[in-house]
Amino acid sequence: MPRQKSKPELGPLLNTHRVLVCVGSGGVGKTTTAASLALWGALSGRRTAVVTIDPAKRLADCLGISPSGNLEKPLPPELFARYGLHPTGTLTALLVDQHSAWDAAIRRYAPTPEIRDQIFANRFYQGLSRTFSGSHEYMAMDTLALLVQHGAYDLIVVDTPPTQQALDFLEAPQRLQRFLDSRARAWFTRATTARSWSAFSAVNRTTTFLLRKIEEATGISALREISEFFTIMQTMFDDFGERFQRVSQLLMSAETAFLLVTSPEPEVLVEAQEFRQGLMQMGVSLKAVVANRVHDEWLAVSPRSSDPARLTERLTSVLQGPAADRRHVEWLVKNFLSYQHIAREEAARLTQFADTLPAATPLVRVPALPAFPADLAGLAKMHRYLFI
């Protein structure tokens, strides 16, 4: 089925969804795109939040805010005014720091100050909150759930890590949740109750062996620390599971749209196709695609009239002075034809990629810009390509 002839744009997508999750490979302008979309929301009167779990902290640079901490940072009116922007809505940025997010969650949900302090002092928790696989994405989901629950924003744009990690945004929290499920809790709390290795070794001899080796290597009583963690946390696990289920349902609901950011390079489009298929297997469909850094073909020159000798003669006839030097003209023609060749190849690849998408899924092309849009003015300039 032929794709729509009108210029594709993202206005309807943002107007009809509350959560927009931007995913894609590293280095394709995903964070910049997420920031630009959030800015458009604020300029359009939406109460907008942009959330990043990208450890590189590029979002903070784009929005001119400090990357430290885990607090919601509203952009002040004077920052917009500096670039001639006057939003009728608001824009708040939140950079999710893994350790700070865990600590904030414990402060929110610990039933008593004593339990909170015991958790903070537990060395297993200290390692879990910094390095455990999936905990970063789990805390990002918890942050998203908190923002939605508070109801302070009617548009939330989520900037995720690069492609392979972005799938972890959906998969890793499930792995962490399975680790914290009732069976694991029973194993470790049983060991705490028995106060002996024998109670635990009866459950899993391999795990017992590994924990003994950890103790020998580090001097830390691994079983005791882990068991105490599960015992202290057991009153909070059900709450964690319920929040995870709520945000998982939100990500799969009609309120949420997934937007893929890519570029025309062959290897990046291969990753984009694999990522799209991975989402489909999880029951998630892409609502839009943004292709950044696209070279526009100059249609005034057809392939038939692109003979280097003819172009060189035509260009020489209109140039004057030093610019008319034959070697200079030949260099210009060579570079122009090379650019045209790149543009045609990119157009063919993007057309092939677009043909794999549902007909109603817009593919928006953003040209290769002369400078990186590293401030609000640059982010606003992208709107002419992302929106009509």
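This passage walks through a predicted model of a single chain, from its overall make-up to a few of its details.

The chain has 388 residues, and 48% of them are buried. Its secondary structure comprises 18 helices and eight strands.

One example of residues from separate stretches of the sequence is given by I106 and M236. These two residues are 130 positions apart along the chain, and their C-alpha atoms are separated by 8.9 Å. I106 belongs to helix α5, which covers residues 98-109. With a relative accessibility of 0%, I106 counts as buried, because the cut-off for that label is under 20%.

Several positions in α14 are buried, including V268, L269, A272 and Q273. Further along the helix, F275, R276, G278 and L279 are buried as well. After α14 comes G283, a residue with a positive phi, near 85 degrees.

The aromatic side chains provide another view of the model. A pair of aromatic rings is described by how far apart the centres lie and by the angle of the planes. Two aromatic pairs are counted in this chain. One of them joins W40 and F387, whose rings are stacked, with a centre-to-centre distance of 4.2 Å and 10 degrees between the planes. This pair links distant parts of the chain: W40 sits in helix α2 (residues 30-43), whereas F387 lies in the segment after α18 (383-386), 347 residues apart from W40. Both W40 and F387 are buried.

The other pair brings together F120 and Y125. Their ring centres are 6.1 Å apart and their planes meet at 40 degrees, so this pair is tilted: the angle falls between the 30 degrees below which planes count as stacked and the 60 degrees above which they count as edge-to-face. Y125, at 1% relative accessibility, counts as buried.

Key:
Residues numbered from 1 in each chain as written. Predicted model: local features only at pLDDT ≥ 70, side-chain atom pairs only at ≥ 80, totals over all residues. Heavy atoms only, no water. Buried < 20%, exposed > 50% of the residue type's maximum accessible area, 1.4 Å probe, protein only. Helix = DSSP H or I, 4+ residues; strand = E, 2+ residues; numbered from the N terminus. Phe/Tyr/Trp six-rings, centres within 6.5 Å; stacked < 30°, edge-to-face > 60°.
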